[in-house]
Amino acid sequence: MDTTVSLLAPAKVNLTLDIKGPRPDGYHELETIMHQVNLVDTVHLRRLTDGIEVSTDSPLVPGDSDNLAYRAAVEFFQATGIAGGVDIHIEKHIPVGAGLAGGSTDAAAVIKGLNRLYAAGLDIKDQMVLGARIGSDIPFCILGGTALARGRGEILTPLSPARNLLMVLAKPGYSVSTREVYARYDQGKVTRRPDTGGVEAALASGNLAGACAGMENVLETVTLECCPEVALLKQMMTDLGAVKALMSGSGPTVFGIFLQREVAEAACAIINRYYEEVFIVTSFERG
Ligand code: C5P
């Protein structure tokens, strides 16, 4: 058995995000199309005889038991009954508190990596069930690709992968709390909902214009109230040639979809004059 393993942990964006209503467990019933992009953290795992250690190269990420990656390791050892430990080091590139599932994807990588390191034999479903105990986005991060998520986010249907989707991601200089955004969600304020079925069908037939036409995120109504820069960034992206611009997840990151790399690169350079965290990405392809 290997003693170390390193995994790529990609960010996600929500191509659509709709809320069907509150749930008895305090969460919200979701319908969202999630899509992995090639902005990645690298997660290094090394077997230890016992204990869980977490370190990162980012001062913004907790290096202790508050880190989702730490909680993922605890759940893994508890669920499998394996006696062992792990040293986790995260090379962070995905912005934190951004609506890009940065913490969830690291936790997903820990579950996948520990399953390999300890030859635990968990199939992908087992891993997703384990991940759902830690966070709603983790099952998708384990599944990967492009998928429709329902329930809390754990009921997943894989979709035709949206290949070579070219995007510029830009995050305002602050983070938002997902919990707070959901808590302040008011259905009455929503004027535009995504056409989830339409986007799904358009993606399946490779009709990008059709897919863009149906993309919306109902959480923008909440985040826009406290973060007017989200509206500004959407406008900037469109003015600079994006065929669609939308907030990802609970925000505040905005993604713009572009058709030509030169146009995306020019947009990226201009937005980068005003915002530090700006990236050109395309769809994540498993190596
Ligand atoms: O599951 P996770 O801890 O990542 O979710 C963060 C917060 O987002 C939850 O505490 C909850 O307030 C909110 N949430 C929700 N409905 C969902 C997913 C998350 O209300 N489907």
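Here is a walk through this predicted model, from its aromatic contacts to its cores and its sheet.

Let's start with the rings. The structure has three aromatic pairs. In one of them, Phe76 and Phe77 have ring centres 5.4 Å apart and planes at 80°, so this pair is edge-to-face. Phe76 is buried, at 0% relative accessibility, and Phe77 is buried too, with a relative accessible area of 11%. Phe77 also pairs with Tyr118: their centres lie 5.6 Å apart and their planes stand at 85°, so that pair is edge-to-face as well. Phe77 sits in helix 1 (residues 68–80), while Tyr118 belongs to the loop between helix 2 (102–117) and helix 3 (124–132), so the contact ties together parts that are 41 residues apart in sequence.

Elsewhere, Arg152 does the like with Tyr27, its charged end sitting over the ring at 4.4 Å from the centre.

The largest core has 36 residues, and the members that touch the most others are Leu45, Ile88, Val110 and Leu114. Helix 2 supplies the largest share of this core, with seven residues. Take Leu45 as a way in: leaving aside neighbours within four places in sequence, its contacts include Thr3, Val5 and Leu7, then Val86 and Ile88, and also Val110, Leu114 and Leu117. Apart from this core lies another, of 30 residues, with Leu166, Val230, Leu233 and Met236 among them.

Four strands make up an open, antiparallel sheet in the order 8-9-7-10. Strand 8 (244–247) and strand 10 (277–281) stand at the edges with a single partner strand each, so one side of each has no neighbour in the sheet. From one strand to the next, the twist averages 20°. Strand 7 (residues 166–171) pairs with strand 10 in the antiparallel sense over five bridges, and Met167 stands opposite Val281 in strand 10.

Helix 9 (residues 229–239) lies across strand 7, strand 8 and strand 9 (254–258), running at about 10° to strand 9. Helix 10 (residues 261–271) packs on the sheet as well, where it touches strand 7, strand 9 and strand 10, and its direction makes about 175° with that of strand 10.

Technical notes:
Residues are numbered from 1 along each chain as its sequence is written. This is a predicted model: local features need pLDDT of at least 70, side-chain atom pairs count only at pLDDT 80 or more; totals for chains, interfaces and linings use all residues. Side-chain values use heavy atoms; hydrogens and water are left out. Rings of Phe, Tyr and Trp (its six-membered ring) pair if their centres lie within 6.5 Å; planes under 30 degrees apart count as stacked, over 60 as edge-to-face and the rest as tilted. Buried means under 20% relative accessible area, exposed over 50%, partly exposed in between (1.4 Å probe, protein chains only). Helices (H or I, at least four residues) and strands (E, at least two) are DSSP runs, numbered from the N terminus. A charge sits over a ring if NZ of Lys or CZ of Arg is within 6 Å of the ring centre and within 35 degrees of the ring normal. A nonpolar core is a set of buried Ala, Val, Leu, Ile, Met, Phe, Trp, Tyr and Cys residues joined through side-chain atoms within 4.5 Å. Contact means heavy atoms within 4.5 Å. Two strands pair if DSSP finds at least two bridges between them. Axes are lines fitted to C-alpha atoms, for helices over the stretch in contact, and angles run from 0 to 180 degrees between N-to-C directions.
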